[in-house]
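Welcome! Please take a moment with the sequence and the 3D view below, and then let us walk through a few places together.

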Amino acid sequence: MKEQTNNYLAEAPIGQLMRKFSVPCILSLLVSSLYNIVDQIFIGRGVGYLGNGATNVVFPITIIALAAALMIGDGCAAFLSICQGKKDTESAHQSVGNTVILLIFSSLLLLVLFIVFRGRILSAFGATENNIVYAQDYFNVIIAGIPFFIFTNGMNSVIRADGSPKFAMISTLIGCVINLILDPVAIFVLHWGVTGAALATIAGQIVSAILAVYYLFHTKSFTLRKNSFRIRKTLLARILPLGVSSLLTQLSIVVIMGVMNTTLVKYGALSKYGADIPMTVVGIVMKVFQIVIAFVVGIAAGCQPIVGFNYGAGNGTRVKQIYKTMIMAEAVIGIIATLAFELFPVQIISLFGSENELYNEFAALAFRIFLSTILLCCIQKATSIFLQSLGKPVMSMTLSLLRDFVLSVPLILLLPRSFGSGVMGPLYSAPVADIISLIVAAVMMHGVLKKLDKHTTVPFSAENPDFV
């Protein structure tokens, strides 16, 4: 038999395991975030801030695609880790086969929907009369890479759960390097503008997807067979709920960006900043925020195989220790990010091109206000992923929805009415949402941690409702 056990997840020092799994995961997610950051930097310098505004308009479709990929991939990864802890190799290979089919189907479905509803999508995410042409050019090309993007990101979660975080990192890194090389060539040498930036992006995505397919023939803890790809409804009913939290986290970003963009365009037009500056700046702030979240999610998602395996094996005390170590690491990330955004906002925004004084003024305010409580956000998001790793989709989903949808969206719409200049109101939505959601997360985790000391494994059954 080819299948290998991952018993070292229950025996090796926690710090050592976190470095082994989280560092490659962080780098993989960081590189994924850099796809858009690299485009923003080169477009900002080669096309201007209207070009950057256009990529901000299109950016939500990338998030929608990532949401689908992570719902399926993270759900499978959590399920696979628990299967490994329970020594259930049969369900392991079947879950991965079903995941491959779902990733392919969902990518093709989204591609069709994006093509059909292009006009409505661009309008919904804040396209203005100044950037609409750029947005259409970027959109028309970037959607061609959606199937490759979804497959790569979904499979990377599975690859990490299979014990190969370095492979997931390398495949993503290769794609980003290709994008990094082709971006300046397409923009500054060939003068293809935003279209060239989009072509460079999908070229990298295609190569990463090919590497993910290669890995399916070189797995560690399971072997894919013909019957792995037969859709099993009972199995999907176990997998997909575990990925709902990841889905909602990403979709909430889309909703927030859509509401944020339209609100900033509306109130920005009535302010000294105009409609385009606030929307462009906050779009960049959100993408920089995603870099920090790459570290946060990377640490938590890197811990997912460790948490899932030990929880599946009934070692609740060790799971509790993993959570405490993880939160300490997340707090360090949050403190460093807070200092950077409060002390160096102008220097950060200047990476994306030099504009006028009004642009820089609003950028400094956006970083210092919108991201002022990012430390609290880091802890809350890590907790949500930890609950997902324990096979508690309802609790994980509740935390994701609370911060990123239930609180943020109404606050973006309501707070502008409380400020003399309405354009400032949306910037305060994140701090208020972070404070409230962290309080809820603390109350929730108090009960979960108390139960972990008493947790022991239960006999495995694919039909056992207590399996996850």
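Which residues does Leu 449 touch, not counting residues up to four places away in sequence? Leu 449 touches Lys 320 and Tyr 323, where contact means heavy atoms within 4.5 Å. Before going further, please note that this is a predicted model, in which local features need pLDDT of at least 70 and side-chain atom pairs count only at pLDDT 80 or more, while totals for chains, interfaces and linings use all residues. Residues are numbered from 1 along each chain as its sequence is written, and side-chain values use heavy atoms, with hydrogens and water left out.

Leu 449 is found in helix α16 (residues 429-452); helices here are DSSP runs of H or I with at least four residues, and strands are runs of E with at least two, numbered from the N terminus. With a relative accessible area of 16%, Leu 449 is buried. In these terms, buried means under 20% relative accessible area, exposed means over 50%, and partly exposed lies in between, using a 1.4 Å probe and protein chains only. The C-alpha atom of Leu 449 is separated by 23 Å from that of Thr 249, which is 200 residues apart from Leu 449 along the chain.

Helix α11 (residues 316-343) and α16 have axes that come within 8 Å and cross at roughly 140 degrees. Axes are lines fitted to C-alpha atoms, for helices over the stretch in contact, and angles run from 0 to 180 degrees between N-to-C directions. On the α11 side the contact is made by Gly 316, Thr 317, Val 319, Lys 320 and Tyr 323, and on the α16 side by Met 445, Leu 449 and Leu 452. The residues of this contact divide into five nonpolar, two polar and one charged. Here Ala, Val, Leu, Ile, Met, Phe, Trp, Tyr, Cys and Pro count as nonpolar, Asp, Glu, Lys and Arg as charged, and the others, Gly among them, as polar.

Another helix pair is worth a visit. Helix α10 (residues 276-312) and helix α13 (residues 357-370) pack at an angle of about 40 degrees, with their axes 9 Å apart, and are therefore oblique to each other. Among the residues making the contact are Ile 277, Pro 278 and Thr 280 of α10, and Leu 358, Tyr 359 and Phe 362 of α13. The residues of the contact of α10 with α13 divide into 15 nonpolar, one polar and no charged.

Now let us turn to some rings. Phe 167, Tyr 214 and Tyr 215 form one aromatic cluster. Rings of Phe, Tyr and Trp (its six-membered ring) pair if their centres lie within 6.5 Å, and planes under 30 degrees apart count as stacked, over 60 as edge-to-face and the rest as tilted. By this rule the count comes to five aromatic pairs. The rings of Phe 167 and Tyr 214 have centres 6.2 Å apart and planes at 15 degrees, so this pair is stacked. Phe 167 lies in helix α7 (residues 165-189) and Tyr 214 in helix α8 (residues 193-215).

Notes
Angles under 35 degrees count as roughly parallel, over 145 as roughly antiparallel, 65 to 115 as roughly perpendicular and the rest as oblique.
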